[in-house]
Amino acid sequence: MKFIDEYRDSALVRTLAGAIARTAKRPWTVMEICGGQTHAIVKFGLDELLPPAVTLVHGPGCPVCVTSAEMIDQAIALSLRPGVTLCSFGDMLRVPGSGIDLLTAKARGGDVRMVYSPLDAVRLAREHPGREVVFFAVGFETTAPANAMAVLRARREGLPNFSMVVSHVLVPPAMRAILGSPDNLVQGFLAAGHVCAVMGTGEYGPIAREFGAPIVVTGFEPVDILEGLLRCLRQLEAGRAEVENAYARVVRPEGNKAARAIVGEVFEVVDRDWRGLGSIPGSGLALRQEFADYDAPRRFGLHAPPKAPPGECISGQILRGLKKPFECPAFGTRCTPEHPLGAPMVSSEGACAAYHRYRLRSRSETAA
Amino acid sequence: MCLAVPGKLLSTQGEDPLERSGRVSFGGVIKEVSLACTPEARPGDYVLVHVGVAISIVDAEEAEETFRYLRAMGELEGLGAETATSPP
């Protein structure tokens, strides 16, 4: 397909890998933010093309991985109510809350549906006026326009039976939290290209300056990722910490104005609990007061559930790049994609699931 | 989760900003996509689609610019390798 195939060209990949090897003269640690980038890096083996001096660590950019267990418990409780249809993206249905996941709730009689788009959830509400349709709205800035649009459409159509559990998270505050942490290892970032397609690049300049970390807006194909990494390494070697755009065919500096306007109309910034990372100020989106009718926890009188005790999963250290999946004692034994202990093993974009899928064999071959 | 796929916009329908949509071909697979966030998208454009919504129009000139730069880098590298291996 156009704008995909040419970015998987092996000659260009080798050229870029060669340039990276010549550029990196000292050891550097760079984090790719987005789980889609993590998946591509592990799938295509891009990290294995890098010189030993360059370490890629995998960031928290997987929304289902950072959605709090309490939020999932709320969605599960709603799905088990008579008359409620709970829908969300496929990945979200398999992430355990403090106990079960949504697919288990479905097996126990809950009406749980997988949808491709929040607009499909609005259609369900339109077609089933006798049911309360609740959309579990997770995502980063990339997904916020679609979720906001679902609310606007439901309002315009006067659908009284549509509402949302909103667990939206924002990327720049998480980058600040990672860089500001005392045990931080990250020296530069590959920023998430599709988040920037919506929001633009304006939020990153202050972060790059404050923490002295270069931030390169990067796409998702092998050529995109290596080009972003090369530009980040050139900055690190030169002692620069600027914002660069290595995904200019998709990202404009101002982002997408129409999308930002829709998001701003429906959502407001709030503090948010990230699974594995804790509470981060100003890192989430919630429905504005004027859209409170579409707020499912409020509509159904749900109270914030008690905090779930942390389990064996070390997702917090994985998501901050402090540990690799192989360093977790449960990896591949007590924790597998079929029986995950934590979210990074569930989503195909979670670092643990990507390593389990693409690296288990090569690792056992090395060991043998 | 932030997966977004480029596809070619074949036709558009609707004038209302919130309702405007288009038929988009992803390598031959055709889907209906919301154009509410890309009001300037026209048939023939490549749009980047995420959960049923076009969030950006792919800029073909910028894409070509990147390839020009990368090809030049590849040629330079080839040149460098030749110089290094050719006898003095």
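**Stop 1**

Select A:Val134. Leaving out residues up to four places away in sequence, A:Val134 touches A:Leu78, A:Val84, A:Leu86, A:Ser163, A:Met164, A:Val165 and A:Ala296. Touching, or being in contact, means that the C-beta atoms of two residues, placed from the backbone, lie within 7 Å.

A word on the source: this is a predicted model, where local features need pLDDT of at least 70 and side-chain atom pairs count only at pLDDT 80 or more, while totals for chains, interfaces and linings use all residues. Residues are numbered from 1 along each chain as its sequence is written, and chains are lettered from A and ligands numbered from 1 in the order in which they are written.

Buried means 20 or more other C-beta atoms within 10 Å of a residue's own, exposed means 12 or fewer, and partly exposed lies in between, with C-beta atoms placed from the backbone. Helices (H or I, at least four residues) and strands (E, at least two) are DSSP runs, numbered from the N terminus.

**Stop 2: parallel strands in chain A**

Select strand 1 (residues 28-34) and strand 2 of chain A. They run parallel, joined by 6 bridges. Strands pair if DSSP finds at least two bridges between them. A:Trp28 stands opposite A:Val54 in strand 2 of chain A. How many residues of strand 2 of chain A are buried? Of its 8 residues (54-61), 7 are buried, so strand 2 is largely enclosed by the rest of the structure.

With strands 1 and 2 of chain A, helix 2 makes a right-handed β-α-β unit. Right-handed means that, with the strands pointing away from the viewer, the path from the first strand over the helix to the second runs clockwise.

Next, strand 7 (residues 188-192) of chain A. Strand 7 is mostly covered, with 5 of its 5 residues buried. It runs parallel to strand 1 of chain A through 3 bridges, and A:Val30 stands opposite A:Gly188. Strand 7 also runs parallel to strand 8 (residues 215-218) of chain A, through 4 bridges. There A:Ala191 has A:Val217 as its bridge partner.

**Stop 3: helix 12 of chain A**

Select residues 257-266 of chain A. The buried residues here are A:Ala259, A:Ile262, A:Val263 and A:Val266.

A:Ala261 counts as partly exposed because it has 13 C-beta neighbours inside 10 Å.

**Stop 4: chain B**

Select chain B. Buried residues make up 35% of its 88 residues.

Now show the interface: 29 residues of chain B are in contact with 43 residues of chain A. On the chain B side, helix 1 of chain B gives the largest share, 7 residues.
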